[in-house]
Amino acid sequence: MAQKKVIALTGNQAAAEAMRQINFDIAAVYPISPQTELMGFFAEYVANGEVDTEMIAVDGEHSAMAACIGAAAAGARVITASAGPGIAYMVENLYVASGMRLPIVLLDVNRALSAPLSIHCDHADSMLTRDSSWISLFSENAQEAYHNIIMATKISEKALFPIIVNYDGYIVSHSIEDVEILDDETVRNFVGPSDIHRIPYPLLDIKKPVTYGATAQPDYYTECKYQQHVDFLKVYDIVREVFDEFAEIADVKYDFIEEYKTDDAEYIGISMGSSFGTLKDVVDILREQGKKVGAIKIRLFRPFPVKEVAEALSKAKGVAVLDRADSFDGIGGPLFKDISTAVMMSQNRPFIHNFIYGLGGREVKEEDFLKAFDRLERLEKGIETRDRFVEYLQVRE
Amino acid sequence: MTTAMDKSAIEIRWHGRGGQGTVTAAKMLASAAIIKGKHGQAMPEFGLERSGTPVKVSTRISDQHINTRAPVVNPQIVIITDPSLMFTIKNQIVQGIDENTVFIVNTNFPADKVRKILGIPNNELWIVDASKIALEEFGRNIPNTAMLGAVAKATGIVDLDAVRQEIEEAFSASSKLRALIPQNLKALERGYNEVYKAD
Amino acid sequence: MEFVKLETKLPPKEYRSDLEPTWCPGCGDFGVVTALTKAFSEEQFDPTALSVVSGIGCSSRLPLWMNAFGLHTAHGRALPAAVGIRLAKPEIPTFVTAGDGDIFSIGMEHFPHAARKNFNITLVVMDNRMYALTKNQTSPTSRRGYKGSLNPYGNIEEPMNVITFAIASGATFVAQSYSGNPKHLAETIKAASEHKGFSFVNVLSPCPTFNKIDTFKYYKGRTIDINKELGHDPSDMKKALELASHALDADNPELQDAEPFKGKVPIGIFLKVEKETFEDKVAKLKEQFMAPNGEPNWDEILEKYRP
Amino acid sequence: MAYGEWELKPWHEIPVGSIVPEAGSSKVNKTGSWRMLRPVLNYDKCTHCLICWIFCPDDSIPVSPQERFETDFEYCKGCGICAVECPYNALEMVPEMEVKLKELEEQLG
């Protein structure tokens, strides 16, 4: 078991600490609030010689992902980080990276997308990556962000798929909390050396010249994508394997989702990221009032844990899906569609309703989630009706 | 509104202006508590990130894990690092308070004036002229370390040597910062000693 | 295509919106706002027929303080947005106001081509030689050795000579000015807005909060007017390029007394030549290919092909 | 095997990441079948100066330092650059069909 110590860190500091301990070979970087500070802390380690990382300042996030693709294809262990519009600017290359099955770690300090312009937190940027065949983990706080980055490095290399670790901009990235840090040696042993043969075709293996990014004519593209499809389904087991291995060194057992007081819960709220803490407190308040409520946090967002969510909702009467992003598609938020799909898998047919909250940094107060549970119960009991699956929680009428 | 935090946590709300070190002080307070084995949280609420713009920070200290990420709605302690805010954003400052909320204010006004401006006739009120201390100790109106001393004295939540350790760590990044440590420690002492409880 | 103009001259402050600028006290960019409003006033532009386009960054907040059609676009994308305005409404004067990072780093793919195509745009770059909004990172114009938060050991890259680059890209008006010299800045921006074609003004605009080297104190007494003091004639392209190649000499300790600027920072108009603007070429094209009969007669066409 | 007739692999035989795992993998594309005109070499005029080899865009002219060998018709696309560049007019572009017809006649005898 590792030596551990508890220190006060912001999300960005905890992430930089994880990066230092893993000792990435390459970090491509371009400034964008609220991510800049993260790479600023890491740059101190580079400057003080505490890491061997080559830090490349590029001209925009599109170039940052391009630099990572080149370095990862060569066999290096690479990381980059961005937020909001930066993630949007990077999306073209996300598909290239996953198509080439390159292990790349991308930290997304979640931020709203323009317009209107907002530097504050919501999950719209991450929702742009849903279909890019990147593995995606959401962190509730700095502690989870720190653990997720360490696990993500290993998951990515085992699965040969790039991975995104999300944590909420400002609410987590810039807020101090107590974080339990593992010792350097434990982390480095856990992720293992970054020898170029971690990937099947490293460009630095000059005895075996290969071509990345070759063209696939119509007679091959489908087969290439099917192989990617089949391998992406294997990611579930790989993620669980790494979660188990991590439990041995850090005595914390992670799973695809986290359930809070759901055993006998009639009404369950589901959310991702930092708002889950407030959701748990709201469950406590309602439990004190004798209401049977619970909460579920989605930690592994892609590939989506359909079975686990169906199982967790198998006894619920009502489900409130709390989306920190809107799909503007006449149906509801992105998480709502994933949860509804999962529920189709289970015999139980709970009443599902979708609430959109926290856009552009709107602070989430307990009264907001109390209102959501109350509305859900009224809808489920037919006291109130709805003409849409989705409604906004925090709008000034 | 009963919240789950009621039983186990102290909730503090800071009000200051950008560039005065309010966020740094709030973070240092939480860090000092964490060093002493408590669970701590400091969540700045970012506005325009410009010197002069109002800044609000929610700080929580508890002996249990802090779940919530919501801003502090019913503070037990309100700390005002910039007195001019009492005129410009008074409503935000007194939002969600009750008669038990303790106020710690950086000002050279007499207590009764502060009570009148804020409309808090009976609340426990601590006053310190942190700006004067900062100007005298290092010639700049950065009252945060003096305020920390005052908070330690007024609330006893965290003791001075934890804050000292935190200051030494926070100011160790560069030689320029290290040079500021002595004055900051002096400001901390003076804040601790010069804060007084208004009757 | 002439710009929409008012009969009478509005006072400069009419071109300011009622939004209080959120820039730090002492920011160099305030000077650009003043110079722009003066130029707008003298040109008698109509606030309801005037557009100011920007990207992302401190300086790109400028349109918010202006009483004009403001367009606050994505990081590095001010120029393509401005080109849209030029083609849709050529009679609307179009100004682009952005920073060195926005235009020369993430937005660099647009700058040389907007210049080459000679759109009738006035581009005012507020060059504080670093990224300020994200709290101090090096940009393409940062000095060698400049310490940003992402390279605390000091910038190992050489700064880009944007004056030479602009001339080489084909901009027909290239100037540099300094926000600490309001008179020169106002004159330069006025000349730029009068110029028919792509006008580029690189405004050295100190950031008091983060950049402790390229400060007002540094520039004080260190600028030299290439037109008034060195008699440079901006129509002389060769001389312009020759002078431009020394634009960054002041950075170099060894060149403090080297010709032609002897350690000083050049301000003034390097190049001013007339070339047909993109908009005029498009207008000609439209006339040439305007279908004689105007709208196609669909019934006739159907009749012919689907009798 | 003519152009386009190579065997199409099933999905599970494709290298991970759709990588092309060996160099020179384009050799399988025998582009010779695209030829409409064929460069015919008149050995009497040819001085083996190798200019045609330098200009051939498809590297379809096998040579040694001293000698220019017969064009590799499996790949030569018949673009005709060699004939244009030959300083001694030793190469003449002939319709491919004529050559194929002659070969067929010789075969059938």
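Select chain A to begin: of its 397 residues, 56% count as buried (20 or more other C-beta atoms within 10 Å of a residue's own, with C-beta atoms placed from the backbone; 12 or fewer is exposed, and in between is partly exposed). Before going further, note that this is a predicted model, where local features need pLDDT of at least 70, side-chain atom pairs count only at pLDDT 80 or more, and totals for chains, interfaces and linings use all residues. Residues are numbered from 1 along each chain as its sequence is written, while chains are lettered from A and ligands numbered from 1 in the order in which they are written.

Now bring in chain B. Of the 4 pairs of chains in contact, A and B share the most contacts (a contact means C-beta atoms, placed from the backbone, within 7 Å). Chain A puts in 23 residues and chain B 22 residues. On the chain A side, strand 1 (4-10), strand 8 (176-182), helix 10 (275-288) and helix 13 (366-381) each supply at least two residues, and helix 10 of chain A has the largest share, 7 residues.

Zoom in on strand 8 of chain A. It pairs with strand 2 (residues 39-45) of chain B, antiparallel, over 2 bridges (DSSP must find at least two for a pair). Pick Ile176(A) and its bridge partner there is Ala42(B).

Next, the inside. The largest nonpolar core has 186 residues, and among those touching the most other members are Ala15(A), Cys68(A) and Leu29(B) (a core is a set of buried Ala, Val, Leu, Ile, Met, Phe, Trp, Tyr and Cys residues joined through C-beta atoms within 7 Å). Helix 1 (residues 22-35) of chain B gives the most to this core, 10 residues.

What does Cys68(A) touch? Leaving out residues up to four places away in sequence, select Ala28(A), Val78(A), Thr80(A), Ala97(A) and Ile104(A).

Last stop: chains C and D, which no contact joins, their closest C-alpha atoms lying 29 Å apart.

Notes:
Two residues are in contact if their C-beta atoms, placed from the backbone, lie within 7 Å. Helices (H or I, at least four residues) and strands (E, at least two) are DSSP runs, numbered from the N terminus.
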